[in-house]
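Please read the following account with the sequence and the model side by side.

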Amino acid sequence: MERIHARSGHLPVMYRQVLEGLRVHGNGAYLDGTFGRGGHARGVLSQLQAGGRLLVMDKDPEAIAVAEREFGADPRVSIHRGSFAELAHWDATAAGLDGVLLDLGVSSPQLDVAERGFSFGKDGPLDMRMDPDSGQSAAQWLNSAAEKDIADVLWTYGEERQSRRIARAILARRTAAPLARTAELAELIAQAVPRGDQKIHPATRSFQAIRIFINRELADLETGLDAALARLKPGGRLAVISFHSLEDRIVKQFIVRHSKAPPANRRMPVEIAFTPTLLAVGGAQKADDEELAGNPRARSAVLRVAEKLGGEPGIGNGESGIGRAQAAPARTFSAQALSRFPIPHSRFPAPAPGGAA
């Protein structure tokens, strides 16, 4: 679930496919909502001319410091610290975007630094916040949440079958002393869960689940996808890299919901129009064998690309003709059929400000 540091000797995950998917135009405006250490952003910037714009965002102050240091003097670049869920509230996006990139999950620098608390393989403070200045740390939540809430998070976000057993072990442990270190939590989970023949560490799913919950990752993804669609110009491209099935399912369903009409019900007399606003560009893409040989962390990466439809031609839609002045033809479907496919509110719990969910 990592984005690779471009300066470490590796290109970012699916670097070539991302740039091909965004189809960068020299005078276009592009947003990288997950800057990390800037590998993909550098690729986009290398293709921009003087009239082009690169907007970069990240929650992590360390990532923003890298962006300021390396790109701050470039007049084509604007930098903003914050979640990509807030991209539509950034004034710099108001003029519209020709491409949006979201590279989900935790970055390699975050994972590899023990002090950030993301890794069960490196002992450090039990933190896990991508933005260390906001919200509860993992330790604060684990030491105060109800047993049921902990079990629900482990099951919902980590699909951990032993979620209840682990939650009970956490509560028993914290009655003696609060959990404070990643090694403590990893050892507790390893003792509570029989390893059997599984190849991964017993704490893998639990650490993933806690991190996703603490950082509101799935709720932010739902909001961020809506914001990206709102800010994209007709013909603009959305490219999203996911690293586990929960993320990819949200991205896939978002693209389907905006590109394909729901099944019609011929028995219903009332019909309403459905006009697609997205076009899926190919299907799910995976890293090729050459990339996997040099970067095993890319093995779970899935890239999906979609193009916004409607209105005047946008940059990057010349080949397909999509997005010209004549919008895609509307199709009619029954109200009942369409009601089965509403734009959902977030199905994912998130920590309340200053306390557990």
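Which residue just after α1 takes a positive phi? Arg23 does, with a phi of about 50°. The model is a predicted one, in which local features need pLDDT of at least 70 and side-chain atom pairs count only at pLDDT 80 or more, whereas totals for chains, interfaces and linings use all residues. Residues are numbered from 1 along each chain as its sequence is written, and side-chain values use heavy atoms, with hydrogens and water left out.

The secondary structure of the protein comes to 13 helices and 10 strands, where helices (H or I, at least four residues) and strands (E, at least two) are DSSP runs numbered from the N terminus. Of the 357 residues, 51% count as buried; buried means under 20% relative accessible area, exposed means over 50%, and partly exposed lies in between, with a 1.4 Å probe and protein chains only. Among contacts with a separation of 6 or more, 70% come from residues 24 or more positions apart, a contact being heavy atoms within 4.5 Å. Helix α1 (residues 15-22) has Gln17, Val18, Leu19, Gly21 and Leu22 as its buried residues.

Helix packing can be followed at α7. The axes of helix α6 (residues 147-158) and α7 come within 8 Å and cross at roughly 135°, which makes α6 oblique to α7. Axes here are lines fitted to C-alpha atoms, for helices over the stretch in contact, and angles run from 0 to 180 degrees between N-to-C directions; angles under 35 degrees count as roughly parallel, over 145 as roughly antiparallel, 65 to 115 as roughly perpendicular, and the rest as oblique. The crossing of α6 and α7 is right-handed, a crossing being right-handed if the near helix is turned clockwise from the far one by less than a right angle, and left-handed if anticlockwise. On the α6 side, Glu147, Ile150, Ala151, Leu154 and Trp155 meet Ser163, Arg164, Ile166, Ala167, Arg168, Ile170, Leu171 and Arg174 of α7. The residues of this contact divide into eight nonpolar, one polar and four charged, with Ala, Val, Leu, Ile, Met, Phe, Trp, Tyr, Cys and Pro counted as nonpolar, Asp, Glu, Lys and Arg as charged, and the others, Gly among them, as polar.

Helix α7 (residues 163-176) also packs on helix α8 (residues 182-192), at an angle of about 125° and with the axes 9 Å apart, so α7 and α8 are oblique to each other. This crossing of α7 past α8 is right-handed. Arg165, Ile166, Ala169, Ile170 and Arg173 of α7 make the contact with Glu184, Leu185, Leu188, Ile189 and Ala192 of α8, and these residues comprise seven nonpolar, no polar and three charged.

How many salt bridges does the count come to? The count is 18, a salt bridge being a side-chain nitrogen of Lys or Arg within 4 Å of a carboxyl oxygen of Asp or Glu. In one of them the side chains of Arg181 and Asp123 meet at 3.4 Å, N to O. Because Arg181 lies in the loop between α7 and α8 and Asp123 in the loop between α4 (108-112) and α5 (138-142), the pair ties together parts that are 58 residues apart in sequence. Arg181 is partly exposed, with a relative accessible area of 33%, and Asp123 is partly exposed at 42%.

Another salt bridge joins Asp248 and Arg304 at 2.7 Å, N to O. Asp248 lies in helix α11 (residues 245-259) and Arg304 in strand β9 (residues 302-308), so this pair ties together parts that are 56 residues apart in sequence. Asp248 counts as buried at 15% relative accessibility, and Arg304 counts as buried at 14%. Salt bridges that share partners also join Arg16, Glu20 and Asp288 into one network.

Helix α11 also holds Ser259, which is buried, with a relative accessible area of 19%. Not counting residues up to four places away in sequence, Ser259 touches Phe274, Pro276, Leu278 and Leu279. In helix α3 (residues 61-71) lies Val66, which counts as buried at 9% relative accessibility. With residues up to four places away again left out, Val66 touches Phe35 and Arg37; the C-alpha atoms of Val66 and Arg37 are 6.6 Å apart in space, although the two residues are 29 residues apart in sequence.
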